[in-house]
Amino acid sequence: MKRQLFALTAAVTLIPLALVAPAVADPQSQPNGPWPGENDSNIAAIRSYEQLWSTLENIEGHAKGTFDLSPAPLTSNTGREIPVVSIGDGPTSVMLIANQHGNEYVVSEAMIEVVKGLSGSSAKAREMREKLSVTIVPRVNVDGFDADVFDTSGDTTPWRQNYDPSCTAEPCDPFYEVGRGYDINRYHSYTANAFDHPYREGDDNDNPVPESIAMRLLWDERQPELVVDFHHQGSFVDDDGGLITGSTMWPNALDEAAEMGISDEFAETITLSKRAVSKMLTALDQYGYANITRYPSTSTPGIARNAYGLLGSASVLFEMRGGIEAKSNGYITKTAQVAAASVLEAAADGTLWTTSTAPADQIRERGDDLDNPHHE
Ligand SMILES: [Zn+2]
């Protein structure tokens, strides 16, 4: 097991205390999200940027034990602060991030529930805080969710990318939407330098995505042994026609690992990641929330799942079903919450590092897409 390089308590004091950032438009007044079946009632049910901060501040006011709410090391591209919650002061560091894609937002609500649970007064919560140092970023892509901005095509948020309309005609950088911005989940540096551009040769400080750099700087500070990244996918069915409730995947950037000369270490990381996936699958099955399949992932190294795996953390992608109505939000939130709780508990009691990988090894492939393709 990898050891923490820095004490969490030392790391968090480097970050100034959060202040609430300037007001932006109410997301309820904005057009629909991009998912088929998405509707106004759903986005209206999700906390706005201001509500996210105020909810977390409210939780902080009642939190038991070690609790810190601070902005991420860098602001979003429009200058908004990204809330980061740090809970516990235990020896095992775990990092949960969500909503890197602005239009995949129900998981941000799930993270708030995880924060509430971990900061509560129960014996279980206290034990978790003693064993773990948990970093939670409920909404990485604050701009892509509800910044009051328009891209050069006249569209507004929520959308997948951050907001950075600097490139108005091709050729732009890879994973860039013309006149809009970058896919945050393709720009995590996996070299020694957090500011490195993942798709330019050699070491540089040219990474154009502050939200991705901010997550990497947090990783550098906290040295998590496990990173879980929460997203939403479209609606899929399995071979029996059953609706798939989620998909998951471990790192798979095998070629990049070979190029970096770390294939053996990466293989070990994949095994640890599969153990985490197995814990999630077992817990979800037990609670009856499961029809979970393997996410058909690419090996792009700048994806969080791969980047933090290449850096040595066990790393897991968890994709909840999306594109459905607000009345399903509670169910989605609960499923993501159970998935998060399962790995946190296993990290706390140590079984995360020894459990069988059989559930992950036996996971089924994801079936047909009911609406549109989506890529983590
Ligand atoms: Zn996504």
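## A walk through the predicted model

The protein chain averages a pLDDT (the predictor's confidence in each residue, from 0 to 100) of 88, and 86% of the residues score at least 70. This is a predicted model, in which local features need pLDDT of at least 70 and side-chain atom pairs count only at pLDDT 80 or more, while totals for chains, interfaces and linings use all residues. Residues are numbered from 1 along each chain as its sequence is written. Confidence is highest in β2, at 99, and lowest in helix α1 (residues 8-12), at a mean of 36. Over residues 1-39 the pLDDT is below 50, and beyond near neighbours in sequence this stretch has 72 contacts in the model; two residues are in contact if their C-beta atoms, placed from the backbone, lie within 7 Å. Where pLDDT is low, the predicted coordinates should not be read in detail.

Let us turn to the overall make-up. The protein chain holds twelve helices and twelve strands, taken as DSSP runs (H or I, at least four residues, for helices; E, at least two, for strands) and numbered from the N terminus. Of its 376 residues, 53% are buried. Here a residue is buried if 20 or more other C-beta atoms lie within 10 Å of its own, exposed if 12 or fewer, and partly exposed in between, with C-beta atoms placed from the backbone. Among contacts between residues at least 6 apart in sequence, 76% join residues at least 24 apart.

Now for the sheet. Eight strands form an open sheet in the order β1-β2-β4-β3-β7-β12-β10-β11, with mixed pairing; two strands pair if DSSP finds at least two bridges between them. β1 (67-71) and β11 (292-294) stand at the edges with a single partner strand each, so one side of each has no neighbour in the sheet. On average, neighbouring strands of this sheet are turned by 20 degrees against each other, direction ignored. α11 packs on the sheet, where it touches β3, β4, β7 (226-233), β10 and β12 (314-321), and its direction makes about 160 degrees with that of β12. Such axes are lines fitted to C-alpha atoms, for helices over the stretch in contact, and angles run from 0 to 180 degrees between N-to-C directions.

Start at β2, which is largely enclosed by the rest of the structure because five of its five residues are buried. Pro-83, Val-85 and Ile-87 point one way from β2, and Val-84 and Ser-86 the other way. β2 pairs with β1 in the antiparallel sense over five bridges, and with β4, also antiparallel, over three bridges. Ser-86 is the bridge partner of Asp-68, and Thr-135 in β4 is the bridge partner of Ser-86. Elsewhere in the sheet, β10 (residues 246-249) and β11 run parallel, joined by three bridges, with Gly-246 opposite Ile-292.

In α5 (residues 123-131), the buried residues are Met-128, Arg-129 and Lys-131. They cover an arc of only 170 degrees around the axis (taken from the directions from the helix axis to the C-beta atoms), which puts them on the same side of α5. Their cover includes β2 (83-87), β3 (92-98), α4 (106-118), β4 (132-137) and α11 (329-349).

Helix α7 is mostly covered, with eleven of its 13 residues buried, among them Pro-210, Trp-219 and Arg-222. Just after α7, Gln-223 takes a positive phi of about 45 degrees.
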